[in-house]
Amino acid sequence: MRSATISKHTEKEQPINFFKCEFPAKSINEGFARIIASAFTSQLDPTIAEISDIKTAVSEAVTNCIVHAYKDSDKAVKQVITLSGEYYINGRVVILIKDKGCGIPNIKEAMQPLYTTLPSEERSGMGFSIMASFSDKLKVSSAVKKGTSVRLEKRINVT
Ligand SMILES: Nc1ncnc2c1ncn2[C@@H]1O[C@H](COP(=O)(O)OP(=O)(O)O)[C@@H](O)[C@H]1O
Ligand SMILES: [Mg+2]
């Protein structure tokens with residue numbers, strides 16, 4: 001007798017590889033984050049342009065955690081950034097940048113080109129636009145006083 005199981009839920013695709021790390025939200029770690037993301041993505045043999053796109057997008061997200069997320073936080077609070085990544089069959093790379101800072105009250109507004117809450121510090125307000133143009137998909141989730149999470153997705157051309 002033959003049998004078949006029909007599952008109501010499609011199984012979540014498992015990544016081929018993944019990593020997760022945590023570091024303090026300090027500007028010295030911006031370059032560190034870029035290198036981790038590029039070293040991880042390098043396993044897929046990307047072009048220099050693909051690597052550079054990922055580094056640029058990751059840099060913007062990490063810089064935002066450093067300059068915005070913890071700007072009013074009590075120094076006693078653990079000011080950390082969590083960087084993680086996964087890649088899947090067909091070269092789909094997903095990078096997540098998370099903080100536990102102040103959060104963004106209106107994500108749609110914050111993502112508008114030129115929008116910045118720190119004009120005095122000469123921020124350009126172009127960070128989210130850069131993240132969107134240098135990745136294939138960008139998703140931002142945030143909760144006030146809880147933190148922000150940026151999910152960048154990029155397809156690397158694997159042959
Ligand atoms: N991780 C974050 N935590 C809190 N606020 C953020 C974060 N990332 C972005 N923002 C908010 O979104 C705005 C727009 O971000 P962005 O496009 O990178 O421009 P900029 O950093 O130049 O201000 C910021 O000015 C800030 O108010
Ligand atoms: Mg920015």
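**Close-up views of a predicted model**

View 1. The structure shown is a predicted model. Pro 15 belongs to the segment that precedes β1 (17–24). Although 73 residues separate Pro 15 from Tyr 88 in sequence, their C-alpha atoms lie 4.7 Å apart. Beyond its neighbours within four places in sequence, Pro 15 makes contact with Glu 86, Tyr 87 and Tyr 88.

**View 2. The largest pocket and its lining.** Two or more lining residues come from each of the elements α2 (48–69), β3 (92–99), α3 (107–110), α4 (127–133) and β5 (147–155). Of the elements, α2 makes the greatest contribution to the lining, with 6 residues. By residue class, the lining of the largest pocket consists of 14 nonpolar, 12 polar and 5 charged residues.

**View 3. Thr 148 in strand β5.** Thr 148 is located in strand β5, an element that gives two or more residues to the lining of the largest pocket. Thr 148 counts as buried because its relative accessibility is 11%, which falls under the 20% limit. The side chain of Thr 148 forms a polar contact of 2.8 Å with the side chain of Ser 142. When residues up to four places away in sequence are set aside, Thr 148 touches Ile 97, Lys 98, Asp 99, Gly 103, Ile 104, Val 140, Ser 141 and Ser 142.

**View 4. Cys 65 and Cys 102, two cysteines without a disulfide.** The number of disulfides in the model is 0. Cys 65 takes part in no disulfide, and the nearest cysteine sulfur, belonging to Cys 102, is 10 Å away. Cys 102 is likewise in no disulfide, its nearest cysteine sulfur being that of Cys 65 at 10 Å. Cys 65 counts as buried because its relative accessibility is 3%, whereas Cys 102, at 33%, counts as partly exposed.

Key
Residues numbered from 1 in each chain as written. Chains lettered and ligands numbered in written order. Predicted model: local features only at pLDDT ≥ 70, side-chain atom pairs only at ≥ 80, totals over all residues. Heavy atoms only, no water. Helix = DSSP H or I, 4+ residues; strand = E, 2+ residues; numbered from the N terminus. Nonpolar A, V, L, I, M, F, W, Y, C, P; charged D, E, K, R; others polar. Buried < 20%, exposed > 50% of the residue type's maximum accessible area, 1.4 Å probe, protein only. Polar contact = N/O pair within 3.5 Å; in protein donor to acceptor, adjacent residues only side chain to side chain. Contact = heavy atoms within 4.5 Å. Disulfide = S-S within 2.5 Å.
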